[in-house]
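The sequence and the structure come first.

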Amino acid sequence: MTSVYKIYILLLLLMPVMLSCHNHKKVYASDCDNSITFKKVNYAHLLDSLNYYDQKYVEVTGRYTTGKERSALFNDSLYIIRPNLALWVNFSTDCPLYLSGTRVGFFDYDNGGFTRINNHTIRIRGKVDRRNHGYQKQYKGCIDHVSFIEL
């Protein structure tokens, strides 16, 4: 009987490893910025150099959070919900995002729910706007004109 418990415990310990092997990334993209070259930037560097990147197109990775009056990208390694350390994310209807290879929109209701993105690490492309400070002007800046998200 103890060997059954050992196998059970071993399976419980290996479950996260087995589930992590099924890491299928979803990519939502728009056709509106196909001709733009995006500068890949580290999140901390982007916040430190916001003036330099103002009105430039960047690609950055961070933890996205959403909620009432919140649409923000935070530094994934120092994940603390403090708007003054975050970038407001401003999605635009001018730049609709679709799941690669489909016509399923990022904001479409699909498979019993909306796209789950809250508290996930994402890679995002958009245009930096240091003058847009988001809801109640509490964010460091903004990523506007979002044309790519990888979950």
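Cys-32 is partly exposed, with a relative accessible area of 33%, in a model that is predicted rather than experimental. Cys-95, by contrast, is buried at 2%. Cys-32 lies in the loop between strand 1 and strand 2, and Cys-95 lies in the loop between strand 5 and strand 6 (98-99), so the pair ties together parts that are 63 residues apart in sequence. Another cysteine, Cys-142, has a relative accessible area of 0% and is buried.

The aromatic residues come next. Six aromatic pairs are found when the whole structure is searched. One of them joins Phe-38 and Tyr-57: the ring centres are 5.7 Å apart and the planes stand at 90 degrees, so the pair is edge-to-face. Phe-38 is in the loop between strand 1 (27-29) and strand 2 (39-40), whereas Tyr-57 is in strand 3 (residues 57-67); the pair therefore ties together parts that are 19 residues apart in sequence. Phe-38 counts as buried because its relative accessibility is 17%, and the cut-off for buried is under 20%.

Trp-88 and Tyr-139 form a tilted aromatic pair, 5.2 Å centre to centre and with 55 degrees between the planes. Distant parts of the chain are linked here: Trp-88 belongs to strand 5 (residues 87-90), and Tyr-139 to the loop between strand 7 (120-129) and strand 8 (141-150), 51 residues apart. Trp-88 is buried, at 14% relative accessible area. Tyr-139 is also buried, at 4%.

One aromatic cluster is formed by Tyr-28, Tyr-64, Phe-91 and Phe-106.

The accessibility values quoted above are collected here.

| Residue | Relative accessible area | Class |
|---|---|---|
| Cys-32 | 33% | partly exposed |
| Phe-38 | 17% | buried |
| Trp-88 | 14% | buried |
| Cys-95 | 2% | buried |
| Tyr-139 | 4% | buried |
| Cys-142 | 0% | buried |

Which rings have an arginine over the face? Tyr-98 has Arg-103 over its face, 3.8 Å from the ring centre. Phe-148 has Arg-125 over its face, at 4.0 Å from the ring centre.

Key:
Residues are numbered from 1 along each chain as its sequence is written. This is a predicted model: local features need pLDDT of at least 70, side-chain atom pairs count only at pLDDT 80 or more; totals for chains, interfaces and linings use all residues. Side-chain values use heavy atoms; hydrogens and water are left out. Rings of Phe, Tyr and Trp (its six-membered ring) pair if their centres lie within 6.5 Å; planes under 30 degrees apart count as stacked, over 60 as edge-to-face and the rest as tilted. Helices (H or I, at least four residues) and strands (E, at least two) are DSSP runs, numbered from the N terminus. Buried means under 20% relative accessible area, exposed over 50%, partly exposed in between (1.4 Å probe, protein chains only). A charge sits over a ring if NZ of Lys or CZ of Arg is within 6 Å of the ring centre and within 35 degrees of the ring normal.
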